[in-house]
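Open your viewer, get the sequence panel ready, and follow along stop by stop. Each stop gives you something to select and then tells you what is there.

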Amino acid sequence: MLKRHCALTPEAESLLELVFKKMSLSARSYDRIIKVSRTIADLDHSKHITDRHAAEAVQLRNNLIHI
């Protein structure tokens, strides 16, 4: 269901793959970042999640961890 409603551009997929390998994140973290990315894309009135949306979601996640 997540893949159907949260379509990623190829660039976004590549970015997230790189981030998850470097940060050793879990599948649960992946799903959460995808959902936040979808929300950001919705606010941007975008049909697909772009690398910009994914990068912002990862940045928000990292900022919350350090609080």
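Which residues does L8 touch, not counting residues up to four places away in sequence? Select L8 and look for E13, L16, Y30, I34 and I49; a contact here means heavy atoms within 4.5 Å.

Before going on, a word on the model. It is a predicted one, in which local features need pLDDT of at least 70 and side-chain atom pairs count only at pLDDT 80 or more, while totals for chains, interfaces and linings use all residues. Residues are numbered from 1 along each chain as its sequence is written, and side-chain values use heavy atoms, with hydrogens and water left out.

**Stop 1**

Buried means under 20% relative accessible area, exposed means over 50%, and partly exposed lies in between (1.4 Å probe, protein chains only). Helices (H or I, at least four residues) and strands (E, at least two) are DSSP runs, numbered from the N terminus. In soluble globular proteins, nonpolar side chains tend to be buried together.

**Stop 2: along α3**

Now select α3 by itself. Its 17 residues reach 25 Å from the first C-alpha to the last, close to the 24 Å expected at 1.5 Å a residue; that expected span is 1.5 Å times one less than the number of residues. Colour S29, I33, I34, S37, R38, I40 and A41, the buried residues of α3.

Zoom in on A41 in helix α3. With a relative accessible area of 0%, A41 is buried. Leaving aside its neighbours within four places in sequence, A41 is in contact with S46, H48, I49 and H53. Draw a distance from A41 to H53: they are 12 residues apart along the chain, and their C-alpha atoms are separated by 5.9 Å.

Next pick R38, also in α3. At 10% relative accessibility, R38 counts as buried. Not counting residues up to four places away in sequence, R38 touches H5, C6, S46, K47, H48 and I49.

**Stop 3: the salt bridges**

How many salt bridges does a search of the whole structure find? There are three, where a salt bridge is a side-chain nitrogen of Lys or Arg within 4 Å of a carboxyl oxygen of Asp or Glu.

- D42 is partly exposed, at 44% relative accessible area.
- E17 is partly exposed at 47%, whereas K21 is exposed at 60%.
- Finish with D44 and R52, a salt bridge with its closest N and O atoms 2.4 Å apart. D44 is partly exposed, with a relative accessible area of 36%, and R52 counts as partly exposed at 49%.

**Stop 4: two loop residues**

Most residues other than glycine have a negative phi, and most peptide bonds are trans. Select S24, in the loop between α2 and α3, and check its phi: the value is positive, near 50°. S24 counts as exposed, at 63% relative accessibility. Then go to H45, in the loop between α3 and α4. The phi of H45 is also positive, near 55°, and H45 counts as exposed at 75% relative accessibility.

**Stop 5: a pocket**

Last, select L2, K3, C6, A7, L8, E13, Y30, D31 and I34, which line the second largest pocket. The elements giving two or more residues to this lining are α1 (2-5) and α3, and α3 provides the largest share, three residues. L8, where the tour began, is one of the lining residues.

Conventions: On a 1 Å grid over the protein atoms alone, a cavity is a set of points where a 1.4 Å probe fits but cannot get out, and a pocket is an open set with protein on both sides within 12 Å along at least five of seven lines; lining residues have an atom within 4 Å of a point.
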